Amino acid sequence: MTTSLQEKLDILRNYSACDVSDALLKLQTPAEGAAERAGHLADFTPFSPMLGRNTALPKVIAPASTIKFIPKHAAIPTTETHGFPPGTHWVDWAEPGTIVLVDQPRGQHCAVVGGIMGMRMKALGVRGVLVNGRIRDLTELHQAELPVWALGTSTVGTGAEAKPAARNVAVDVGGVVVEPGDIIFCDPLEGVVAIPRNLLDRVLEVMPKLTAMDERVKDAVGNGSSVFDAFKEFRTKI
């Protein structure tokens, strides 16, 4: 019987990010008027250790920890449990064994993660970094062999526009709210999905049923069936 989180994450590796979204589409009910996002974190590209979508790198799957940046001149919220104590650097709070989700204010052109940050997170045992914004120092990130996904790049350092404000708080990634502890699934070919921690077991239960249905559909279509008929016969309600 599977009980540990790591065993569950190992099972997830047998599936694609698309399979995960198919399951979440069955399990989640969006707010009224909201689009069904099914956990998809849109427009992220792998930049390290290899640039671009590929089939050469393994999937990176781990719980999320979060770092939230704010505009340079904004006031930092007062918090005892989620802030960065004076005399410390945000990167030294990166949590081992997690995918660090770094959130940058929209519309900025600086980078919030660079080579030194990547080296430190690698040394701390971070599994990967998902930057909802820009990165730089790609050569150094490649040398660190740290999996890094981002929306884009910059040549400009963080201090030009941004500063760290909070850690392990909820982060809104283009309409998908990611909580610390949610499971981030980085598929180097298909993209990135966030699985709410409380739905992980249900996703693992539903995915095999959905993929088995699709295998039967593909066999039928390959043998000359219309998609309409194959869907009607093999795609049943879960």
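**Close-up views of a predicted model**

Lys68, Asp103 and Arg106 are linked in a network of salt bridges (a side-chain nitrogen of Lys or Arg within 4 Å of a carboxyl oxygen of Asp or Glu). This is a predicted model, in which local features need pLDDT of at least 70 and side-chain atom pairs count only at pLDDT 80 or more, while totals for chains, interfaces and linings use all residues. Residues are numbered from 1 along each chain as its sequence is written, and side-chain values use heavy atoms, with hydrogens and water left out.

View 1. Strand 4 covers residues 99-103; helices (H or I, at least four residues) and strands (E, at least two) are DSSP runs, numbered from the N terminus. Because 5 of its 5 residues are buried, strand 4 is largely enclosed by the rest of the structure. Buried means under 20% relative accessible area, exposed over 50%, and partly exposed in between (1.4 Å probe, protein chains only). Ile99, Leu101 and Asp103 point one way, and Val100 and Val102 the other. Strand 4 pairs in the parallel sense with strand 3 (residues 60-71) over 5 bridges and with strand 5 (residues 128-135), also over 5 bridges; pairing requires at least two DSSP bridges between the strands. Leucine 101 is the bridge partner of threonine 66, and valine 131 that of valine 102.

**View 2. Phenylalanine 69.** This residue is found in strand 3 and is buried, with a relative accessible area of 2%. Beyond its neighbours within four places in sequence, phenylalanine 69 is in contact (heavy atoms within 4.5 Å) with residues including Trp90, Val102, Asp103 and Pro164.

**View 3. Lysine 8 and aspartate 201.** Side chains of opposite charge can pair when their charged atoms come close. Here aspartate 201 forms a salt bridge with lysine 8, with the closest N and O atoms 2.8 Å apart. The pair links distant parts of the chain, 193 residues apart: aspartate 201 lies in helix 5 (residues 200-222) and lysine 8 in helix 1 (residues 5-12). Lysine 8 is buried, at 15% relative accessible area, whereas aspartate 201 is partly exposed, at 46%.

View 4. Glutamate 205 and lysine 209 form a salt bridge, their closest N and O atoms being 3.8 Å apart. The two are separated by about one helical turn because they are 4 residues apart in helix 5. Glutamate 205 is partly exposed, with a relative accessible area of 41%, and lysine 209 is partly exposed, with 40%.
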